[in-house]
Amino acid sequence: MRSNVKAGWGLKGAALAGMLFLHIPLLIILLYAFSIEEKSFVFPIPGFTTKWFAVAFEREDVRRALGLSIKVAAIATAMALVLGTLAAAAVWRSRFFGREAISLLLILPIALPGIITGIALRSAIGIAEIPFSTWTLVLGHATFCIVVVYNNVLARFRRTNRALIEASMDLGANGFQTLRYVVLPNIATALLAGGMLAFALSFDEVIVTTFTAGQQSTLPIWMLSELIRPRQRPVTNVVAVFVIAVTFVPIVLAFYLTRDTHDVAGSVK
Amino acid sequence: MTSAAAALPLDRSPLQRLSSALYLRPALLTFLLLTPPLLWLGVIYLGSLFTLLAHSFFALDEFSGVMVREFSLATWKEFFGNPANWDVVIRSALMAIAVTLAAALIAFPIAYYMVRYAGLRMKAVLYLGVMLPLWSSYLVRVYAWKLILAKEGIVSWFANTLHLGWLLDLVLDIPEIGGPSLSTSYLGTFIVFTYIWLPFMILPVVAALERVPGSVIEASGDLGAKPGQTFRKVILPLAFPGVVAGSIFTFSLTLGDYIIPSIIGKSVPFLGETVYRLQGTAGNVPMAAAFTVVPIVIMGIYLTLAKRLGAFDAL
């Protein structure tokens with residue numbers, strides 16, 4: 001429904017202002033990572049330096065937090081890929097009682113405020129007397145990552161012709177061969193896109209994580225503690241830039257992987 | 001593919017028999033596919049959720065402060081009896097409403113331009129431009145606003161450089177929403193909330209606008225409506241379910257967030273912060289559980305209304 005008339009200045013200005021509002025704060029983070037000023041948020045920054053990048057990567061606590069974040073995101077993504085794909089396959093291939101309820105159940109962990117998921121998991125972990133570990137973190141992250149994979153894979157399935165599978169079986173392939181040579185290649189890019197978005201989501205998650213982490217520190221938790229009690233602000237700035245860079249790459253890739261299809265990855269978080 | 005085809009034997013290996021057995025029983029296959037994800041979400045997620053809600057029917061022992069695991073309505077009595085609790089709920093709900101309205105106002109022109117006027121290339125750029133902030137670090141973006149709104153931060157610098165310091169002071173002097181600086185006022189909290197959740201509003205509105213058929217707009221013009229009239233009487237009502245869909249996110253997310261108000265704003269508690277404090281430092285899990293029921297109930301009502309307005313078709 002694209003109009004063949006040009007947009008008015010008012011509309012253009014409002015749209016531009018909105019987009020600037022979305023992006024200027026990110027640029028400011030980038031700017032401050034290079035500031036020589038250590039103590040305050042003075043603007044404009046008094047001078048440029050790149051020394052904070054070296055300082056940040058020397059810091060033992062930053063490296064440990066980064067390692068834990070990557071580990072948790074990788075495991076949670078792997079689990080979400082399996083569980084999300086299974087759910088998507090079931091919903092696609094058959095109608096059954098309660099099919100609508102499944103979509104609701106899957107979306108619930110991100111539709112309800114994160115604090116509810118977090119506190120619920122925390123109290124369950126407490127009752128079951130499970131000690132806090134990487135696995136309690138994975139527990140929470142996988143739960144809200146499933147829906148991301150599910151949405152992406154289901155969207156791909158819906159555009160896949162069911163006859164392909166029947167044809168494969170008619171030609172003599174068994175169910176496992178059909179899965180390996182027909183189904184998986186068909187959904188490969190959707191899996192990749194969903195997996196990368198799940199990774200980005202997990203890598204950045206803080207609200208549920210605070211409840212399931214115990215004494216452990218992921219990168220977002222490290223940042224949160226720095227936000228509340230700042231120790232060395234320039235290091236925080238550098239970590240912030242790093243986090244942006246790590247999450248940008250998968251998002252842009254996921255966008256291009258699914259761009260030619262109708263359902264663009266990430267449009268439902 | 002050729003190697004796969006060549007490797008297809010006609011003998012009935014166990015794998016092949018299993019495959020055929022599953023193919024002939026689609027219900028069994030569906031069951032097998034569904035069991036792992038449902039077990040995960042049903043046991044871990046719903047199990048935790050109901051355990052938490054059940055806690056609101058326990059109460060703290062008045063003297064020892066230890067939770068007594070017996071059915072009691074004491075926590076709920078205390079919850080409804082304390083007017084301070086109501087203040088928290090009302091404050092959070094008002095903030096959520098304000099943020100939702102502001103997000104809708106900012107989102108609509110962006111979405112409208114994207115769908116109606118942007119070329120293919122421009123549209124991809126804008127789409128990515130909305131998705132990047134949506135998916136990039138929440139904490140980093142909150143942190144950026146701390147830099148912007150701080151007393152000696154960017155907003156103050158611009159206000160002073162442009163000799164508009166008086167305007168900033170005027171805004172900060174407004175009772176209730178103002179404060180000593182932007183980063184310690186309701187206004188600051190409101191700006192950051194709006195910023196953080198804005199992409200959640202833009203995307204559903206774009207989806208809704210894209211579904212408005214071009215023929216309907218042309219028909220409206222053919223029947224003599226001016227562009228403004230077409231917008232008000234045709235496009236806006238058809239796009240409204242998208243706004244409602246977006247508002248589900250902006251409203252729910254604002255209601256439950258506990259990090260933004262604790263970093264930027266007055267030191268008065270919002271709903272999420274209260275829950276966090278109650279279960280953490282205060283160690284009052286029953287009361288925290290009672291507080292979590294509030295956003296669930298509010299969201300339940302909200303979702304029911306949204307469904308009536310057709311928002312789910314626009315999601």
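A residue is called buried when its relative accessible area is under 20%, exposed when over 50%, and partly exposed in between, with a 1.4 Å probe and protein chains only. The model described here is predicted, and local features need pLDDT of at least 70, side-chain atom pairs count only at pLDDT 80 or more, while totals for chains, interfaces and linings use all residues. Residues are numbered from 1 along each chain as its sequence is written, chains are lettered from A and ligands numbered from 1 in the order in which they are written, and side-chain values use heavy atoms, with hydrogens and water left out.

Chain A contains 11 helices and 0 strands, where helices (H or I, at least four residues) and strands (E, at least two) are DSSP runs numbered from the N terminus. Its C-alpha atoms occupy a box of roughly 70 × 65 × 30 Å along the principal axes, and 53% of its 269 residues count as buried. When contacts (heavy atoms within 4.5 Å) are taken between residues at least 6 apart in the sequence of chain A, 72% of them join residues at least 24 apart. The chain exposes about 12000 Å², of which carbon and sulfur atoms supply 65%, the areas coming from the Shrake-Rupley method with a 1.4 Å probe.

Over all chains the structure holds 2 salt bridges, each defined by a side-chain nitrogen of Lys or Arg within 4 Å of a carboxyl oxygen of Asp or Glu.

| Salt bridge | N to O distance |
|---|---|
| A:Arg59 and A:Asp61 | 3.0 Å |
| B:Lys123 and B:Glu210 | 2.5 Å |

In the pair of chain A, A:Arg59 is buried at a relative accessible area of 18%, whereas A:Asp61 is partly exposed at 22%. In chain B, B:Lys123 forms its salt bridge with B:Glu210; B:Lys123 lies in helix 6 (residues 120-135) and B:Glu210 in helix 10 (residues 186-210), so this pair ties together parts of chain B that are 87 residues apart in sequence. B:Lys123 is partly exposed, with a relative accessible area of 23%, and B:Glu210 is also partly exposed, at 39%.

Chain B also carries a nonpolar surface patch formed by B:Phe80, B:Trp86, B:Ile90, B:Leu94, B:Ile97 and B:Leu101, which together have about 620 Å² of accessible area. Members of such a patch have over 30% relative accessible area and no salt bridge, and their nonpolar side chains (Val, Leu, Ile, Met, Phe, Trp, Tyr) are joined within 5 Å. Helix 5 (residues 83-116) of chain B gives the largest share of the patch, 5 residues. B:Trp86 is found in helix 5 of chain B and is partly exposed, with a relative accessible area of 37%.

Note on methods: Patches are made of residues with over 30% relative accessible area and no salt bridge: like charges are joined within 9 Å, nonpolar side chains (Val, Leu, Ile, Met, Phe, Trp, Tyr) within 5 Å.
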